[in-house]
Amino acid sequence: MSNTDTLSLTRDCLRDKKVALAVPRIGIHPFLLCPRHISPAGPQRALTMNKDPGLASNAPPPKHHPLLIPEIMLMIVCHLAPKEILICRGVSKEWREIFAPFLELHAIYWNHGAIFKAKFEEQLETLGQYVQSLKQVYPIQADLERIQRTCPDLSHIGFFMRDREMLRSQALIKFLEGMLKLERIDVFSHHDQLVTAFLFCLATYQPVSSVSSIITSDSKRHPVVPLLRRLEIGNATHSRVSPSMDWTLLEVVLKKHPLISELTLRDTTVREGSRNSSDQGWSPVTRSPLGSRIQRNWNTMLDRIAASRVGGGGVQAQYSSPVLSTTTPGTVAPVIFDHIQSITLHNIHMSEELFINIVSRCPALKTLDLNMSGSELSMLVWPECLSYCRQLTSITIGNEYGGTHMDIAEFWALAPPTLTTFHVPRSSNADIFFPAHSLHSSLNKFTKSDLCPGSTLVSLELCIGIRVVDKGVRYVMAHCRSLERLVIGVQYFVDWEEVEDSDAFPNWACGHLLKRLELRSIYRRYDQHFDERTHDFMRRLEDLKVLESLILPAKLLCDLSESQHEDYAAFKDLLDQLDLRAVLRDQEKAQMASSYVSSLLLTETASTIQQTDQLQQTQQQQQGHVWSRDGSSPLNVIPPMPSVQEVTLTSTGNMRFQMQMRYLHILMEALPNLKTIWTAIGLFDMDCIPRFKHIHGRFQELYGPTNVQLNLGIA
């Protein structure tokens with residue numbers, strides 16, 4: 001085998017293993033696309049800089065050159081940074097060919113300023129063959145022709161359509177037909193007409209390779225289908241118009257491209273058919289200088305008003321698609337998109353009927369990311385949708401502004417056994433709830449041999465304001481036995497509603513699997529009465545034997561340490577003594593500093609130093625008693641968890657709360673194998689540097705030998 005064949009074989013092997021390596025990617029900047037060590041004319045300039053004639057030689061590498069061995073090459077590239085790969089390409093022609101399969105560039109098209117754009121286009125001529133992703137591309141004919149010529153391996157392109165005169169359908173269709181490796185297209189526009197025209201181009205273009213055909217060994221001709229797999233359509237960032245999209249036209253695109261598996265729609269109104277005449281009197285502003293929160297609240301109100309005008313159901317149309325449907329006498333059969341595996345709807349307004357129509361026609365759906373704006377989805381939606389989506393593995397519901405109703409217990413009971421991820425990151429009202437009566441009714445439907453609802457979940461995020469003593473928390477602890485990641489937002493005050501429940505907290509069923517636990521506290525104004533049963537919940541954390549990362553609100557540690565529970569009175573007194581000694585020590589240091597300034601007597605200074613040393617010895621003795629592991633130390637509010645290696649203390653955004661040294665005392669006593677502590681920036685004052693120095697210095701004095709890394713204000 002020749003050296004050329006060996007090199008070709010090596011490159012093929014490297015390409016096959018490129019995905020498994022997670023090769024680092026490079027973001028292209030107008031001035032970083034072409035590094036200084038690479039000349040636009042080629043590697044000859046870099047070769048003249050090498051003093052070693054062996055590296056500068058253009059002779060082919062030896063037959064058994066180490067870089068031609070795939071295993072060695074894979075091990076080398078795994079440890080190289082993106083810029084280092086570029087440097088390796090500039091060593092010689094042989095290295096340029098060897099490292100070429102590992103070079104993937106991702107760029108943002110530079111359209112602002114003639115000088116910058118010309119510089120970027122010059123760099124694109126040099127390294128365009130390695131560009132895999134290109135965003136913010138204006139669909140101008142000259143730019144499209146340049147991209148098609150210089151970037152033959154482009155797999156992801158993002159279009160930004162600002163002006164109506166910018167889009168030329170024929171030029172865009174010609175560009176799409178020539179990009180044979182294009183797998184993902186993003187479209188962001190300011191006008192509905194531009195989105196409609198772009199969808200028309202997607203629905204009509206044919207790749208050049210599909211015009212011809214492939215002749216296989218059995219002499220049969222098979223047409224080559226388009227490779228488009230991901231499609232994202234949304235409203236542009238600075239648009240102030242009310243965008244809308246025709247779902248019927250989008251169906252044509254999905255039918256034309258049978259390999260699309262991920263569909264993402266953002267910041268738009270999805271309609272079925274033409275715009276309703278009674279719906280033209282309102283126009284919500286989707287983008288305004290008022291901020292996203294005010295915008296969405298305003299849009300929600302206008303959308304609900306518009307829905308009431310149409311008759312309480314919004315813009316509702318009976319499904320009928322003569323373009324895509326297979327028609328038989330008297331029936332209309334909708335097209336089934338069995339290739340769609342992921343649907344993302346962010347800030348989308350659509351009718352409930354249209355949502356059911358979309359989801360029910362995607363039987364292979366595995367991921368659903370839902371964040372509706374101004375749309376009302378009742379609890380009756382989920383039984384019908386889940387009856388079709390029997391391969392669903394992940395669902396995320398953002399309900400910050402309301403409108404999405406769900407009974408979590410009923411959803412889990414109807415969900416397929418493939419469901420492993422259930423996320424509700426935020427819910428501002430009681431539209432999504434976890435009632436106890438639904439839990440018991442759904443459990444009665446299952447025998448002991450069947451899977452309980454929620455038992456297959458691996459990742460659970462439940463931030464709906466559930467009370468810590470509610471039966472829903474106990475259900476998660478007792479039945480969600482496959483959890484590896486849990487985020488739960490709880491309320492532990494009894495000022496608003498007293499929950500009468502004397503049942504003990506069960507053991508964690510996922511105690512040998514859960515590796516990451518995040519507790520989020522949800523507070524209300526004028527919360528004052530701490531629920532003492534929160535201590536019982538915290539004690540059960542000792543069941544988590546393999547927990548590695550723990551995220552807690554700092555205020556939760558404060559409320560636990562200041563509660564009046566008799567079991568923790570001794571530990572509270574000990575923390576108070578440590579705080580008092582720290583205050584006295586700071587006062588002694590201040591007196592020492594003032595003594596030097598005022599030129600006091602040397603004997604007085606020596607006595608002050610002696611008192612400080614005695615105080616430190618007393619504190620070290622007390623510290624040794626607190627952290628003793630012989631069982632004689634007072635009961636900590638946090639149970640011992642030897643497996644925890646990382647802790648993050650978070651802040652509450654709606655109240656002022658400061659970081660205290662006593663919280664670190666609690667963590668250091670309960671977590672003997674702790675390695676890293678992170679604290680949120682919201683736990684410190686506006687002038688946080690002095691506070692940083694004070695806490696960090698105090699922590700190093702007490703816990704420096706433990707080698708625990710303290711990161712203040714980073715998380």
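**Salt bridges and their surroundings**

Modeller: Arg-533 and Asp-531 form a salt bridge, with their closest N and O atoms 3.1 Å apart. Arg-533 is buried, and Asp-531 is buried too. This is a predicted model, and the distances given here come from it.

His-535 has a relative accessible area of 0%, so it counts as buried. Apart from neighbours within four places in sequence, His-535 is in contact with Phe-530, Leu-560, Ser-563, His-565, Tyr-568 and Val-637.

The count of salt bridges comes to 20. One of them joins Arg-146 to Glu-121, at 3.0 Å from N to O. Because Arg-146 lies in helix H9 (residues 141–150) and Glu-121 in helix H8 (residues 114–127), the pair ties together parts that are 25 residues apart in sequence. Arg-146 and Glu-121 are both buried.

Another pair is Arg-266 with Glu-232, whose closest N and O atoms are 2.6 Å apart. Arg-266 has a relative accessible area of 26%, so it is partly exposed. Glu-232 has 9%, which means that it is buried.

Glu-121 and Arg-146 also belong to a network: salt bridges with shared partners join them with Lys-117 and Asp-143. As a general point, side chains of opposite charge can pair when their charged atoms come close.

For contrast, here are the nonpolar parts. In soluble globular proteins, nonpolar side chains tend to be buried together. The largest nonpolar core in this model has 169 residues, and those with the most contacts inside it are Ile-185, Phe-355, Phe-411 and Phe-422. Taking Phe-355 and leaving aside its neighbours within four places in sequence, its contacts include Leu-345, Met-350, Leu-368 and Trp-382. Also in contact with Phe-355 are Leu-370, Leu-377, Val-381 and Cys-385.

Ile-69, Ile-72 and Ile-76 make a nonpolar surface patch of about 190 Å². Of these, Ile-72 is in helix H5 (residues 70–77). Its relative accessibility is 33%, so Ile-72 counts as partly exposed.

Key:
Residues numbered from 1 in each chain as written. Predicted model: local features only at pLDDT ≥ 70, side-chain atom pairs only at ≥ 80, totals over all residues. Heavy atoms only, no water. Core = buried A, V, L, I, M, F, W, Y, C linked by side-chain atoms within 4.5 Å. Buried < 20%, exposed > 50% of the residue type's maximum accessible area, 1.4 Å probe, protein only. Contact = heavy atoms within 4.5 Å. Patch = residues over 30% accessible without salt bridge, like charges linked within 9 Å, V, L, I, M, F, W, Y side chains within 5 Å. Areas by Shrake-Rupley, 256 points an atom, 1.4 Å probe, with all protein chains shown as cover. Salt bridge = Lys/Arg side-chain N within 4 Å of Asp/Glu carboxyl O. Helix = DSSP H or I, 4+ residues; strand = E, 2+ residues; numbered from the N terminus.
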